[in-house]
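Let's walk through this model together, one question at a time. Have a look at the display first.

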Amino acid sequence: MTEAGIGPGKGVDDGPSGTRADAPGGGTEAGNGSGPGRGRLPWGRRNGANGATGGPGEIRHLGLVAALVLLALVGVVTQPDNFATSGNLVGILALAATIGVITVGMTFVIIGGGIDLSVGALMALASVWATTLATQSYGPVVMVVCAILVGTGAGLVNGMLIAYGRLVPFIATLAMLVAARGLAQRMSDRKTQLVRPENDAIEALSTTKVLGVPLVVFIFAAVAAAGWVLLNRTTFGRRTFAVGGNPEAARLAGINVRRQTLALYALSGLCCGIAAIIIMARTTTGSSTHGDLYELDAIAAVIIGGTLLTGGRGTLVGSILGVLVFTLITNLFILNGLQTSDQLIAKGVIIVIAVLLQRRGLRSPT
């Protein structure tokens, strides 16, 4: 069995049945149509359907951009003295950075056919672990490495449970959510751990500005750009679409589905570790309460960005726009003194509408 060396405009040689599959960019079917490789391969739906290169996805992106403009107008009208200030706009971007980095990893997991409920707890665990006195005594570099290793390691555990333990992603990551949050509470004794003054390089990530924009925003932009390249320009990304669209077809095409699943959850954990660094920089603390309900915000951003919860289709651009929409809504609610409960209701309504639009789009001929 050969590896699925698939790429846009490039074929897949000799699947298990000796078939030849066309590339995702072509969006066509298996070559001679015999054996297990018969029929349209999962990544063949990527073109247009997921919005990567046109079609409904681009329309959705325009809709999200229009929503951002509308929300900005609401902010200008309702809070003319507070909304359109440089401090508030920079604050919106800084707030979006933390959830945005987590959302990048979540997008990969959902396109790959899974879900990760543990991202908020992993971020909390990574921040607590990195701010223990023992870790801080070695300096900021060790703290950063520790946060990344803890996040990635926990993500690998998720992937092992799902790929090799055959647990349902919902159950495995829910268990990790509970366990990671509990471990963070035990390590910190439910106390907020301060970043020590000698580790001011951590805080500098938040206070240092380039062209008036905090450095953490550029970290978010770099993660998003790297994620876009990985998803849309590499074999890893094409395998992610394939595994999420039809794991059995992907397996028959020569893709190691278990290894790909393991890598996807490790990637999500890595993003949690990076997000932990960002929130440590913003708050100069590590806490077991960090990232509370962030998993819901990340999943919601991915959904309204157009990624199917069933996997196989989605775009990172849509997810990033979804993050900005939710962050802007949060900012408007805070500026206008509205209740947090109202904010949650509004987000819930938006999620339901997004899912209904997805279902309508699936029923419509493409």
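Buried means under 20% relative accessible area, exposed over 50%, and partly exposed in between, using a 1.4 Å probe and protein chains only. This is a predicted model, in which local features need pLDDT of at least 70 and side-chain atom pairs count only at pLDDT 80 or more, while totals for chains, interfaces and linings use all residues. Residues are numbered from 1 along each chain as its sequence is written, and side-chain values use heavy atoms, with hydrogens and water left out.

Q: Is Glu198 buried, partly exposed or exposed?
A: Glu198 forms a salt bridge with Arg196, their closest N and O atoms being 3.0 Å apart. A salt bridge here is a side-chain nitrogen of Lys or Arg within 4 Å of a carboxyl oxygen of Asp or Glu. Arg196 has 29% relative accessibility and counts as partly exposed. With a relative accessible area of 49%, Glu198 is partly exposed.

Q: Why are Glu248 and Arg251 separated by about one helical turn?
A: Glu248 and Arg251 form a salt bridge, with the closest N and O atoms 2.7 Å apart. Helices (H or I, at least four residues) and strands (E, at least two) are DSSP runs, numbered from the N terminus. The separation is about one helical turn because the two residues are three residues apart in helix H11 (residues 247-252).

Q: Which residues touch the most other members of the largest nonpolar core?
A: A nonpolar core is a set of buried Ala, Val, Leu, Ile, Met, Phe, Trp, Tyr and Cys residues joined through side-chain atoms within 4.5 Å. The largest one has 75 residues, and the two that touch the most other members are Val101 and Val104.

Q: Which residues is Val101 in contact with, leaving aside its neighbours within four places in sequence?
A: Contact means heavy atoms within 4.5 Å. By that rule, and with those neighbours left aside, the partners of Val101 are Phe220, Val223, Cys271, Ile274, Ala275 and Ile278.

Q: How far apart do the end C-alpha atoms of residues 89-111 lie?
A: The unreviewed UniProt entry annotates several stretches as "transmembrane region", including residues 89-111; such annotations may be inferred rather than shown by experiment, and their positions are given in the numbering used here, with feature names shortened. In the model, this span is 100% helix and 0% strand, and its end C-alpha atoms lie apart by 31 Å.
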